[in-house]
There are 2 protein chains.
Amino acid sequence: METQTAEHPARSAKACAARLNAIHDAIYAIGGKWKLKIIIVLREEGSKRFNELQRLVTGISARVLSNELRELELNGFVIRKVYDGRPVVVEYELTDYSDTLGGVLHALDAWGTMHREKIRSEMQAAANSETK
Amino acid sequence: METQTAEHPARSAKACAARLNAIHDAIYAIGGKWKLKIIIVLREEGSKRFNELQRLVTGISARVLSNELRELELNGFVIRKVYDGRPVVVEYELTDYSDTLGGVLHALDAWGTMHREKIRSEMQAAANSETK
DNA sequence: GTTAGCAGTATACAATAGGTTAGTAGTAAC
DNA sequence: GTTACTACTAACCTATTGTATACTGCTAAC
């Protein structure tokens, strides 16, 4: 049916499926509106308590922050450290495993920056052609 | 614009915000359940017509495929080529610009594969401790 | 004694994403 | 004449996601 692309069509079908699954997993682990924001804040600012995080991640509600932290913990990106005290203090800390995201973050950053610039220059071009 | 990561905390605030925006844009351009799947299919199989795509991207509905293709076109990843004929034929083709996603796809693939393996070995460890 | 901060949870609702079903207009094969 | 193919779109429904507001139980400050 298809023979194109590369060398071994039979093998490429399996490889393609595996790649699709891997990319799917990655998108689901770090996708959504908040997960990467939380991770980046923790990277920049270090470990934080719940209310501190809610202040730093602007716009997030307590309920959503709570859910996202639970998922991040399940995926092994953060650990929840409880310090018993008069007011119980809970700190969220990035794990070493979260460092494995470095490559993904860098690629997304580089591409997003480039894309942003492209959109900006396109909008400028459109504005120029209007006022010509 | 920014030199390096650490060293300068004052400057890192701006860099952090820029990075956040860039990553946000990237996630929104390629995030969701279908966009990358469609792109990968077009990469592997070459240009395809609407119904062909719906068959190749298993599980997607016509409505959603239509929406996703419109967004992919807006972001400059695909072009829609109309061939007037007895039944009008429309082909969706990847643009050169879609190649800029190469780095992101590779990073997601590598990380997703690694993460998958980690989850798998964790599940195996859990199964072993049950039947110990 | 009222207020504020700690770390959330409960409840209700709104918005968005995605899915299901059916239907458009035209052609061509059975 | 019925079916199937072309590329979609409209209407409707559900499920996930996000928001808003209030509340818990505890401590400490004012």
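Two strands count as paired if DSSP finds at least two bridges between them. I keep that rule at hand for the sheet of chain B. The model I am reading is predicted.

**Entry 1: the sheet of chain B**

I looked up the strand order. Three strands make an open sheet in chain B, ordered 1-3-2, with antiparallel pairing. Strand 1 (48-49) and strand 2 of chain B are the edge strands, each with a single partner, so one side of each has no neighbour in the sheet. In general, strands of a sheet pair through backbone hydrogen bonds, either parallel or antiparallel.

Next I went through the pairs. Strand 1 and strand 3 of chain B run antiparallel and are joined by two bridges. I found K48(B) opposite Y92(B) of strand 3. R49(B) has E91(B) as its bridge partner in strand 3 of chain B.

Strand 2 (residues 78-83) and strand 3 (residues 89-94) of chain B are antiparallel too, over six bridges. Here K81(B) stands opposite E91(B). V82(B) stands opposite V90(B). I note that E91(B) is listed opposite K81(B) and also as the bridge partner of R49(B). A hairpin of five residues connects strand 2 to strand 3 in chain B.

**Entry 2: how the two chains relate**

I then counted the interface. On chain B, 32 residues are in contact with 33 residues of chain A. Helix 1 (9-30), helix 2 (35-45) and helix 5 (102-130) of chain B each give two or more residues to that side. Helix 5 of chain B gives the largest share, 13 residues. By class, the side of chain B that touches chain A has 17 nonpolar, eight polar and seven charged residues. Of the interface residues of chain B, 94% are also interface residues in chain A, so the copies meet through the same surface.

**Entry 3: helix 5 in both chains**

I checked the length of helix 5. In chain B, helix 5 has 29 residues and spans 42 Å from first C-alpha to last, close to the 42 Å expected at 1.5 Å a residue. Helix 5 of chain A also has 29 residues, and its reach of 42 Å is close to the expected 42 Å.

Which residues of helix 5 of chain B are buried? I list V104(B), L105(B), A107(B), L108(B), D109(B), W111(B), G112(B) and H115(B). For helix 5 of chain A, the buried residues are V104(A), L105(A), A107(A), L108(A), D109(A), W111(A), G112(A) and H115(A). An α-helix has 3.6 residues a turn, so residues three or four places apart point the same way.

**Entry 4: F77(A)**

I found F77(A) in the loop between helix 4 and strand 2 (78-83) of chain A. Why does F77(A) count as buried? There are 23 C-beta neighbours inside 10 Å of F77(A), and the cut-off for buried is 20 or more.

Beyond four places in sequence, F77(A) is in contact with I39(A), L72(A), L94(A), T95(A), Y97(A) and S98(A). I also took one distance. V64(A) is 13 residues from F77(A) along the chain, and their C-alpha atoms are separated by 17 Å.

**Entry 5: the DNA strands**

I started with DNA strand C. There are 20 residues around DNA strand C, and the nearest are R49(A), N51(A), V90(A), K33(B) and S61(B). Helix 3 (50-56), helix 4 (62-74) and strand 3 (89-94) of chain A, with helix 4 (62-74) of chain B, each supply at least two residues of that surface. I sort the surface near DNA strand C into ten nonpolar, five polar and five charged residues.

Which residues come nearest to DNA strand D? Of 21 residues around DNA strand D, they are K33(A), R86(A), R49(B), N51(B) and V90(B). Helix 4 of chain A, with helix 3 (50-56), helix 4 and strand 3 of chain B, each supply at least two residues here. The surface near DNA strand D has eleven nonpolar, five polar and five charged residues.

Conventions
Residues are numbered from 1 along each chain as its sequence is written. Chains are lettered from A and ligands numbered from 1 in the order in which they are written. This is a predicted model: local features need pLDDT of at least 70, side-chain atom pairs count only at pLDDT 80 or more; totals for chains, interfaces and linings use all residues. A residue is near a molecule or strand if its C-beta atom, placed from the backbone, lies within 6 Å of it. Helices (H or I, at least four residues) and strands (E, at least two) are DSSP runs, numbered from the N terminus. Ala, Val, Leu, Ile, Met, Phe, Trp, Tyr, Cys and Pro count as nonpolar, Asp, Glu, Lys and Arg as charged, and the others, Gly among them, as polar. Two residues are in contact if their C-beta atoms, placed from the backbone, lie within 7 Å. A residue is buried if 20 or more other C-beta atoms lie within 10 Å of its own, exposed if 12 or fewer, and partly exposed in between; C-beta atoms are placed from the backbone. The expected span of a helix is 1.5 Å times one less than its number of residues.
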